[in-house]
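This report describes a single model, shown below. It covers a surface patch, the helices, the confidence of the prediction and the salt bridges.

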Amino acid sequence: MTEVRPEYNESFEGMLKRFNRKVQLDGIIRESRRRARFEKPLTRRKRKETATRRAAIKAARKVAGRR
């Protein structure tokens with residue numbers, strides 16, 4: 001659970017800004033959106049495979065560009 005404590009003389013807006021930044025860094029919103037709908041195991045596997053393939057192609061392009 002993400003928690004922020006008010007610092008000395010800190011406004012509510014400043015505290016809210018720190019809280020939002022911390023939530024973004026922790027990935028809480030992204031995780032909740034991912035869990036919002038059920039995803040079949042086969043679909044999840046395919047999505048991960050395509051992401052891996054995309055990352056490999058991007059890495060190969062980066063290496064080819066250096067030569």
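Phe19 is found in helix 1, which covers residues 12-26. Its relative accessible area is 30%, so Phe19 is classed as partly exposed. Together with Phe12 and Leu16, Phe19 makes up a nonpolar patch on the surface. The accessible area of Phe12, Leu16 and Phe19 together is about 280 Å².

The length of helix 1 can be checked against its residue count. With 15 residues at 1.5 Å a residue, helix 1 should span 21 Å, and its end C-alpha atoms are 21 Å apart, which agrees. Just after helix 1 comes Gly27, which takes a positive phi of about 75°.

## Confidence

The model is predicted. The mean pLDDT of the protein chain is 92, and 99% of its residues reach 70 or more. Within the protein chain, helix 1 has the highest confidence, at a mean of 94. Confidence is lowest in helix 2 (residues 28-36), where the mean is 90.

A search of the whole structure finds six salt bridges. One of them pairs Arg18 with Glu7, with the closest N and O atoms 3.8 Å apart. The cut-off for a salt bridge is 4 Å, so a pair at 3.8 Å is counted. Arg18 lies in helix 1 and Glu7 in the segment before helix 1, so the pair ties together parts that are eleven residues apart in sequence.

Both partners are partly exposed, Arg18 at 23% relative accessibility and Glu7 with a relative accessible area of 48%. The pair also belongs to a network of salt bridges that links Glu7, Glu10 and Arg18.

Which residues form salt bridges with Glu31? Arg34 is one partner, and the closest N and O atoms of Glu31 and Arg34 are 2.7 Å apart. Both residues lie in helix 2, three residues apart, or about one turn of the helix. Arg35 also forms a salt bridge with Glu31, with the closest N and O atoms 2.6 Å apart. Because Arg35 and Glu31 are four residues apart in helix 2, about one helical turn separates them. In general, an α-helix has 3.6 residues a turn, so residues three or four places apart point the same way. The side chains of Arg35 and Glu31 are also joined by a polar contact of 2.6 Å.

The accessibility of these residues can be set out in turn. Glu31 counts as partly exposed, at 30% relative accessibility. Arg34 counts as partly exposed as well, at 42%.

## Arg35 and Ala59

Arg35 lies in helix 2. Where is Ala59 in relation to Arg35? Ala59 is 24 residues from Arg35 along the chain, and the C-alpha atoms of the two residues are separated by 29 Å.

Key. Residues are numbered from 1 along each chain as its sequence is written. This is a predicted model: local features need pLDDT of at least 70, side-chain atom pairs count only at pLDDT 80 or more; totals for chains, interfaces and linings use all residues. Side-chain values use heavy atoms; hydrogens and water are left out. Patches are made of residues with over 30% relative accessible area and no salt bridge: like charges are joined within 9 Å, nonpolar side chains (Val, Leu, Ile, Met, Phe, Trp, Tyr) within 5 Å. Accessible areas come from the Shrake-Rupley method with a 1.4 Å probe; for residues, only the protein chains shown count as cover. A salt bridge is a side-chain nitrogen of Lys or Arg within 4 Å of a carboxyl oxygen of Asp or Glu. Helices (H or I, at least four residues) and strands (E, at least two) are DSSP runs, numbered from the N terminus. Buried means under 20% relative accessible area, exposed over 50%, partly exposed in between (1.4 Å probe, protein chains only). The expected span of a helix is 1.5 Å times one less than its number of residues. pLDDT is the predictor's confidence in each residue, from 0 to 100. A polar contact is a pair of N or O atoms within 3.5 Å; within protein, one must be able to donate a hydrogen and the other to accept it, and residues adjacent in sequence count only if both atoms are side-chain atoms.
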